[in-house]
Amino acid sequence: MKIVRFIIGVAFFGAYINTTQAQSDTAPSLPPSGQLCISCHGAQGQGMEPLGPRLAGLSTEYLVKQISDFQAGHRLNATMQPMAMVLQGESVSQVAAYFSAQTVPVVTAELRGQHVTFTDTAARLAYQGDWARELPACVTCHGPSGLGGGLFPRLAGQQASYIKTQLQAWQAGTRKGDVDGMMASVANKLTIAEIDALANYFANLK
Amino acid sequence: MKSSAIVLLAAMGSLTVQAQAETEPVQERPDKQAPLPSSPKMSDQTYLTPRSLSAIPEGAFGDKVRLGYQLFVNTQQLRDKYVGNELNCVNCHMDAGRKANASPLWGAYFAYPAYRKKDDKVSSFEERIQGCFNYSMNGKAPASGSPELVALSAYAYWLGMGGLMDEANISGPVPEISDAELVKGAKRDDFPVPEALAKAMTVEQRANLPGRGYPEIPKPEQAYSPERGKAVYVAHCQTCHGVDGQGQAIAGVYALPPLWGPQSYNWGAGMHRVNTAAFFIHENMPFGKSMQLTNQQAWDVAAYINSHERPQDPRNKGDVKQAQDKYHNDSDYYGVTVDGKVLGTDSYPVFPKKS
């Protein structure tokens, strides 16, 4: 009994060493615990609307935090919460590293200040905010063109339906976990028309 | 013997700082960095509202205004030419210099030229902007009358004049004035304003618009402390400004700006003073204001970020003590011993080229 466990342990350990070696040479390969994810998020984490959002291009740091937010109940979602529960220990960061390393289409960054005026209201909100309502520009935190980095997720090219449900989740109080509610306070100031417009704007950035 | 002297010095350093928190900042400086007059924020105060940027007119004058906006928001286009760090003017003057209580440009424009007793000199609007290039941007200011200073002045003028005209119910476009007039600023009897505006407000009233500068907050109950400030920083600032205060670049742009170190403002900038930073932070941070810091937290965290090394004070002629006596000792940490090191002795270069 003990010996069997030991052998399984060695086998697993060996597999682990193999994957980490592979990682140092090339992009990480899909860890076993990630097999479950690809049915909704796609084999390269490219997302499968409406089953699951794109994970590719989000930082490891951000993905790890979101998985633990689902586990802790800061993010309430009947589909994804049980999936997050499956991941334990090392597998969280392995899966996160895998999806984070997948490529996303290149989007040319438009810098803040490049345009002075905007005809599109969503673009104006994204680049200049509306400070009369204490609403800061999205790109200040999410970076130029919402390209994202670190704990600030990439919005450029994310599914419009997903962006919309997230902004509504903050309004409904079913998504939390952002430090000091910094994203909640932004989402809470948006009208439903603005949410639609912003979701389409970021989803279609090329 | 030597090490105990250092410990003693370090202890004295923190004592000195506590004492400084109680004294008034030194008002006069042989430079352009005198602290702004600051008054407490009043409830139900209304502020000047600049016109929408889409109202900027077509044509040569409008082009200067638009360029001013673009330089203010993306000052990095002047990196290595006039800018020596990763900051943009908009980082400290929120909403592209339009937000009340974030030292708005419209509040500043009508307050210059400002008379300064010490050097018996009148400083113009463009000279004030040059100060921010030399210190806040750790750079080398564009020359007087340069297209950049004209553009920034035109933008400030257009914001302020449009807002004042709207308040006085004067319709029509903002009057176009010459470059030479633009860079001087509007606090003078010979500054051209529409007649109805001259009747509605005196030059002095225009120079003291509510919302100018950063609002003063009361002195902290306990002397400010970088140690307590660190805890505030970890809880409410580091997600954005980083564990090491170096901000975060996305696509090469520091949307989340560095607070200390080689890429931040230098030891001559207004923001290096604990009081100025505390006023700014209490009103404007954490960015987006999803929560409000207490007065004590604002002072403590201001002390924390400003007790780290940053680029040298450009006025230092080779001796920290001398520069400290001449330009500092006013609620700041220049020349003060922190963690066994005298701040200012190991500072980063002034106006380095981007590597």
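## A tour of chains A and B

Across the interface of chain B and chain A there is 1 salt bridge, and since this is a predicted model, everything described on this tour is computed from its atoms.

**Stop 1: the bridge between the chains.** Select B:Lys99 and A:Glu134, the two residues that form a salt bridge, and look for their closest N and O atoms, which are 4.0 Å apart. On the side of chain B that touches chain A, at least two residues each are supplied by α2, α10 (226-236), α11 (238-241), β3 (248-250) and β4 (253-256) of chain B. Of these elements, α2(B) gives the largest share, 4 residues, and by class this side of chain B holds 14 nonpolar, 9 polar and 3 charged residues.

Stop 2: Now show both chains together: 26 residues of chain B are in contact with 30 residues of chain A. Between them, chain B and chain A bury about 2,400 Å², with 67% of that area on carbon and sulfur atoms. Which residues of chain B lose the most area to chain A? Select B:Thr239, B:Ile250 and B:Phe287, which together account for 24% of what the chain B side buries.

**Stop 3: two helices in chain B.** To see where the helices meet, select residues of α2(B) including B:Phe61, B:Val65, B:Leu67 and B:Phe72, together with residues of α6(B) including B:Val150, B:Leu152, B:Tyr155 and B:Trp158. The whole contact of α2(B) with α6(B) has 13 nonpolar, 1 polar and 2 charged residues.

Stop 4: A search of the whole structure finds 21 salt bridges over all chains, and another one to select is the pair B:Lys41 and B:Glu283, whose closest N and O atoms are 3.1 Å apart. This pair links distant parts of the chain, 242 residues apart, with B:Lys41 in the loop between α1 (2-22) and α2 of chain B and B:Glu283 in helix α12 of chain B.

**Stop 5: backbone details in loops.** Follow chain B to the loop between α12 (274-284) and α13 (295-305), where B:Pro286 lies; the peptide bond joining B:Met285 and B:Pro286 is cis, with omega about -10°. Next select B:Asn101, in the loop between α3 (94-97) and α4 (105-109) of chain B, a residue other than glycine whose phi is positive, near 65°. Then move to chain A and find A:Pro50 in the loop between α2 (38-41) and α3 (60-72) of that chain, where the bond from A:Glu49 to A:Pro50 is cis, with omega near 0°.

**Stop 6: two helices in chain A.** Finish with helix α6 (residues 121-128) and helix α10 (residues 192-203) of chain A, whose axes come within 8 Å and cross at roughly 80°. The helices α6(A) and α10(A) are therefore roughly perpendicular to each other. Select A:Ala122, A:Ala123, A:Leu125, A:Ala126 and A:Tyr127 in α6(A), and they meet A:Glu194, A:Ala197, A:Leu198, A:Tyr201 and A:Phe202 in α10(A). By class, this contact of α6(A) with α10(A) contains 9 nonpolar, no polar and 1 charged residues.

Conventions: Residues numbered from 1 in each chain as written. Chains lettered and ligands numbered in written order. Predicted model: local features only at pLDDT ≥ 70, side-chain atom pairs only at ≥ 80, totals over all residues. Heavy atoms only, no water. Contact = heavy atoms within 4.5 Å. Nonpolar A, V, L, I, M, F, W, Y, C, P; charged D, E, K, R; others polar. Buried area = accessible area lost by both parts, 1.4 Å probe. Salt bridge = Lys/Arg side-chain N within 4 Å of Asp/Glu carboxyl O. Axes fitted to C-alpha atoms, helices over the stretch in contact; angles between N-to-C directions. Parallel < 35°, antiparallel > 145°, perpendicular 65-115°, else oblique.
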